[in-house]
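Visitor: I am new to this structure and would like a close look at a single part of it. Could you take me through the helices slowly, giving the meaning of each term as you go?

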Amino acid sequence: MEIGSKLTNSWLDSIVDSFNGVDSDRRRQFNRIGTATRAVIESVVASKAPTEQLGLIADAIEKVAEDIGRFPSGRVYEGFAEAANTGGNGGFMDFSPISGAANPIAPPVELSLSSDPDGSPIVVGVVTFGSAYEGPPGSVHGGHIAAAFDEVLGLAQSMSGSPGMTARLSVNYRKPTPLGEPLTFVARIVKKEGKKVFTEGKCYFGDILTAEADALFISVDFSKLAQLAGERERTNDGQKPQL
Ligand SMILES: CCCCCCCCCC(=O)SCCNC(=O)CCNC(=O)[C@H](O)C(C)(C)COP(=O)(O)OP(=O)(O)OC[C@H]1O[C@@H](n2cnc3c(N)ncnc32)[C@H](O)[C@@H]1OP(=O)(O)O
């Protein structure tokens with residue numbers, strides 16, 4: 001199922017088009033950096049390395065930060081990084097904080113579109129949270145579970161054809177969600193009433209339901225998104241938001 005075809009707004013199309021023009025080698029290098037930085041984050045959290053080694057590693061990381069910091073920083077793909085905005089265009093999501101391979105803070109959640117046994121479209125997110133995401137001992141922090149739900153539900157609601165923003169997200173944590181184990185998130189649209197898109201999702205470890213969520217999305221006028229993008233540019237320039 002190609003949901004991108006349902007997202008026909010020209011502002012969004014221009015963003016997706018801008019991704020399509022992105023040099024693939026550049027994208028590959030960004031993804032390499034994201035993957036390596038994510039590995040560093042995973043290893044430095046509670047590392048058992050000797051203190052002397054930690055000092056050398058800190059020196060090396062400070063050098064990397066200095067090297068990359070010499071270049072101006074902005075956004076490679078202008079626009080939002082959330083799944084709901086992408087129409088399923090994988091590349092545009094490279095910098096999503098949840099599913100973006102090139103964003104080191106993303107676990108990342110790997111998203112795909114599927115259908116349930118009755119043929120209804122669903123979004124599936126597969127992820128293994130590493131040590132950096134620990135909340136209760138051996139378990140994923142609840143905030144990161146909520147963020148993963150926001151991402152998969154956000155993509156699901158875009159299948160309504162009139163995507164919007166999360167207005168409300170409610171998570172019910174049924175059992176501790178294990179770290180370091182593959183988890184499967186499943187999300188779907190429940191109903192649509194005017195601008196309101198109601199969604200629900202579940203998180204499984206194997207057959208075990210560890211958390212479930214429901215969320216309300218409100219379809220937004222793309223001029224609002226353009227306004228938010230403009231505000232982001234202003235705040236990037238050091239000015240205060242004016243929303
Ligand atoms: C292509 C779009 C992709 C967008 C990005 C992808 C999102 C990915 C997931 C996210 O992380 S989004 C980030 C977190 N969410 C936000 O920052 C949203 C902040 N809130 C807003 O910007 C506005 O409140 C919002 C756009 C959600 C709604 O504003 P509107 O001016 O469009 O709503 P409006 O006042 O027209 O209300 C429409 C209906 O929705 C209801 N409603 C609005 N906000 C609500 C809310 N927060 N909770 C419950 N109901 C809400 C409202 O009562 C009303 O119901 P009725 O028609 O029955 O009267």
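Guide: Let us begin with helix H3 (51-69), whose 19 residues should span 27 Å at 1.5 Å a residue, and since its end C-alpha atoms are 26 Å apart, the two values agree. The expected span is 1.5 Å times one less than the number of residues, and helices (H or I, at least four residues) and strands (E, at least two) are DSSP runs numbered from the N terminus. This is a predicted model, in which local features need pLDDT of at least 70 and side-chain atom pairs count only at pLDDT 80 or more, while totals for chains, interfaces and linings use all residues. Residues are numbered from 1 along each chain as its sequence is written.

The number of buried residues in H3 is zero, so H3 lies largely in the open; a residue is buried if 20 or more other C-beta atoms, placed from the backbone, lie within 10 Å of its own, exposed if 12 or fewer, and partly exposed in between.

Helix H4 (residues 142-158) has 17 residues that should span 24 Å, and its end C-alpha atoms are 24 Å apart, which agrees. Because 12 of its 17 residues are buried, H4 is largely enclosed by the rest of the structure; among the buried residues are Ile145, Phe149, Val152 and Leu155. What covers the buried residues of H4 includes E1, strand E3 (164-173) and strand E5 (196-205), where contact means C-beta atoms, placed from the backbone, within 7 Å.

Between H3 and strand E1 (110-115), the loop holds glycine 100, which counts as buried because it has 26 C-beta neighbours inside 10 Å.

Definitions and conventions
Two residues are in contact if their C-beta atoms, placed from the backbone, lie within 7 Å.
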